[in-house]
Amino acid sequence: MNSWEQRERARQILAKEVGYVTKPHGDRLRVALAFPNTYWVGMSNLGFQTVYRLFNAEPDIVCERFFLPPKQELAALSAAKAPLLTLESQTPVGDFDIVAFSVSFEWDYVNVLTLLTLAGIPAYASERSGRHPLIVIGGAVTFVNPEPLAPFADVIAAGEGEALIPGLRRAMAEATGRPDLLMRLASERGFYVPSFYEPEYAGDGTLAGYSVRAGIEAPLPVRKAALKTTEAVDPPATTIFTPDTEFGSRFLVEVVRGCANLCRFCWAGYNYLPVRAFPADRILDLAREARPYASRAGLVSIALCDHPEIERILSGLIDMGYSISPASLRLDDLTESIVGMLHQSGERSITIAPETGSDRLRRVINKTVTNAEILEKADLIFRSGMENLKLYFMIGLPTETEDDLQAIRDLTGELRDIMLTHAKGRGRIGRIVASVNPLIPKPGTAYQWLPMEDPAITDRKGKRLRSLVADLDNVYFNIKSERHSYYQALLSLGDRRVAPAIEAAERNGGNWRAAVAETGVDADFYIFRARTHDAVLPWDIIDGGMKAAFFPSEYDKGLREEWTLPPKRQQENAKLLPMIG
Ligand code: SF4
């Protein structure tokens with residue numbers, strides 16, 4: 001694929017889009033923004049779209065996009081050794097001042113390296129100089145554990161885009177050269193310059209700590225940058241519409257950021273605190289502007305109903321003629337009127353996450369609902385006319401026993417009975433689809449010290465669960481094996497020494513087994529090693545804002561089967577759990 005063909009392809013893509021931005025480059029700061037997966041995936045990513053909008057909202061910045069080309073194009077591009085071009089002005093990526101990656105999934109790490117190679121930019125920061133663009137890596141995964149990607153980044157942007165862009169812009173405007181730029185960035189909140197820090201390892205290979213290199217002034221740890229309040233901020237929302245993406249007909253909008261429930265396994269819950277609602281009027285204004293291009297509103301929030309004006313937002317969207325797709329809804333927030341409005345907007349299915357089948361194990365993980373409440377809400381869901389239910393469960397949780405698997409079966413069976421009772425009246429039976437995932441202990445959670453469960457045990461549990469639910473008609477279980485998650489866990493829990501395996505996997509077409517063997521990375525060491533609560537963890541380099549004692553105390557409370565209740569539920573739940581008093 002030569003440059004002419006690439007240009008033609010870019011023009012075809014732009015011809016189908018509404019809302020992209022073009023600006024003359026002139027003396028503007030030029031940012032090439034990458035989503036390290038295909039256009040189809042990236043254009044439905046709200047974080048990516050938001051960073052694009054935020055950069056281009058600055059008059060002195062021009063931001064253009066590029067994506068991982070589809071397989072055939074990628075092979076043709078590599079063969080032709082043609083430079084990778086941005087979409088908007090079809091300029092070589094390597095000519096930009098900044099190349100910024102928005103990384104949302106561990107699986108996309110190899111694609112970061114593919115894109116750098118296609119752009120003719122050396123993958124390792126140590127092999128680059130001031131004549132190369134500044135490589136900035138940001139996005140959700142990097143503020144959980146940036147270390148496996150650290151050797152590839154000049155700077156890691158840790159935190160929320162809205163809080164990071166002003167610092168980047170300031171440093172770029174004032175810097176006199178690359179070393180000065182990195183020093184300036186390191187002094188801005190949320191910017192982590194990996195080459196300024198030296199990891200130290202103990203004799204047994206465990207991480208002993210980090211130090212700042214001699215002669216460098218940089219904070220240790222680096223504090224994540226986050227918005228204090230979202231009251232005056234536009235919500236992240238789709239600004240470029242295209243039919244060629246996963247959620248092509250949807251206007252995606254973030255309604256509220258964060259979740260106060262504090263489930264002990266949930267990195268999203270802990271890492272997006274505090275809970276911050278976006279202004280309802282702006283959500284509705286943007287929805288109105290987007291209506292000619294979208295018929296469905298996708299509400300992207302982990303705790304949608306924590307927005308104090310959620311009912312006004314839903315009814316406003318319905319009045320505009322939108323059908324509404326919420327992300328997973330938190331059970332305790334489902335009310336008759338909210339479920340009714342979702343049904344009225346055309347929704348026939350609701351997704352909820354009981355996580356497990358027993359109240360006991362739900363107390364261990366701090367999922368603060370009971371089976372009785374789940375059944376009550378299911379009755380409300382099916383009574384309102386919804387036909388289908390999607391469920392999320394996890395296995396491999398601390399203290400889990402055979403009884404807890406049986407409890408998943410029993411709860412699902414009871415939910416099915418409720419579905420059938422309501423289906424009789426309608427003469428149409430819906431279905432229940434349950435996804436079961438093994439726990440991957442995540443950085444920045446109360447389970448960050450835990451090893452992953454032995455895959456043989458998880459597989460056995462999966463098989464047992466499959467046999468337990470085999471006789472449930474109209475119920476479909478999708479049970480993932482732990483093997484599927486093994487290398488994802490390596491990228492999630494690893495340190496800088498994992499980077500060569502990422503590079504090898506990129507080179508060999510994604511064969512992780514071979515990549516790990518070739519580079520001598522001991523994956524089991526990262527995945528199956530139990531860590532003590534005083535162990536140094538790779539992600540300690542970033543201060544996410546939680547007090548050091550909080551996670552150990554949450555973990556211990558879990559073992560005592562105690563909830564830490566979100567404030568608004570403390571009184572209400574006291575009656576269910578005498579130990580909380
Ligand atoms: S309720 Fe959901 S989003 Fe909130 S902390 Fe628990 S798992 Fe995370």
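Isoleucine 432 sits opposite valine 475 of strand 18. That pair belongs to a predicted model, in which strand 17 (residues 432-438) and strand 18 run parallel and are joined by 5 bridges. The mean pLDDT of the chain is 92, and 97% of its residues reach 70 or more. One stretch, residues 574-581, has pLDDT below 50.

**Helix 14 against helix 15**

- Packed helices are described by the angle and the distance between their axes.
- Helix 14 (residues 402-426) and helix 15 (residues 455-469) have axes that come within 9 Å and cross at roughly 35 degrees.
- The crossing of helix 14 with helix 15 is right-handed.
- Helix 14 contributes Glu402, Leu405, Gln406, Ile408 and Arg409 to the contact.
- Helix 15 contributes Lys461, Arg464, Leu465, Leu468 and Val469.
- By class, the residues of this contact are 5 nonpolar, 1 polar and 4 charged.

**Helix 3 against helix 6**

- Helix 3 (residues 46-57) packs on helix 6 (residues 161-174) at an angle of about 35 degrees, with the axes 10 Å apart.
- Helix 3 also passes helix 6 in a right-handed crossing.
- On helix 3, the contact residues are Thr50, Val51, Leu54 and Phe55.
- On helix 6, they are Gly161, Glu162, Ile165 and Leu168.
- The contact of helix 3 with helix 6 has 5 nonpolar, 2 polar and 1 charged residues.

- Strand 10 pairs with strand 13 (residues 296-299) over 4 bridges, in the parallel sense.
- Valine 253 has leucine 299 of strand 13 as its bridge partner.

**The ligand shell**

- Ten names make up the shell: Cys259, Asn261, Leu262, Cys263, Phe265, Cys266, Gly269, Ile302, Arg330 and Lys367 surround the ligand.
- The shell divides into 6 nonpolar, 2 polar and 2 charged residues.
- Leucine 262, one of the shell residues, has phi near 60 degrees, a positive value in a residue other than glycine.
- Leucine 262 is in the loop between strand 11 (256-257) and helix 8.

**Cis peptide bonds**

- The bond from leucine 220 to proline 221 is cis, with omega near -5 degrees.
- Proline 221 is in the loop between strand 8 (207-212) and strand 9 (222-223).
- The bond from leucine 273 to proline 274 is cis as well, with omega near -5 degrees.
- Proline 274 lies in the loop between helix 8 (267-271) and strand 12 (276-277).

**Confidence**

- Where pLDDT is low, predicted coordinates should not be read in detail.
- Residues 574-581, with pLDDT below 50, have 11 contacts in the model beyond near neighbours in sequence.

Terms used: Residues numbered from 1 in each chain as written. Predicted model: local features only at pLDDT ≥ 70, side-chain atom pairs only at ≥ 80, totals over all residues. Heavy atoms only, no water. Pairing = 2+ DSSP bridges. Helix = DSSP H or I, 4+ residues; strand = E, 2+ residues; numbered from the N terminus. Near = heavy atom within 4 Å. Nonpolar A, V, L, I, M, F, W, Y, C, P; charged D, E, K, R; others polar. Axes fitted to C-alpha atoms, helices over the stretch in contact; angles between N-to-C directions. Left-handed = near helix turned anticlockwise from the far one by under 90°. Contact = heavy atoms within 4.5 Å. pLDDT = per-residue confidence, 0-100.
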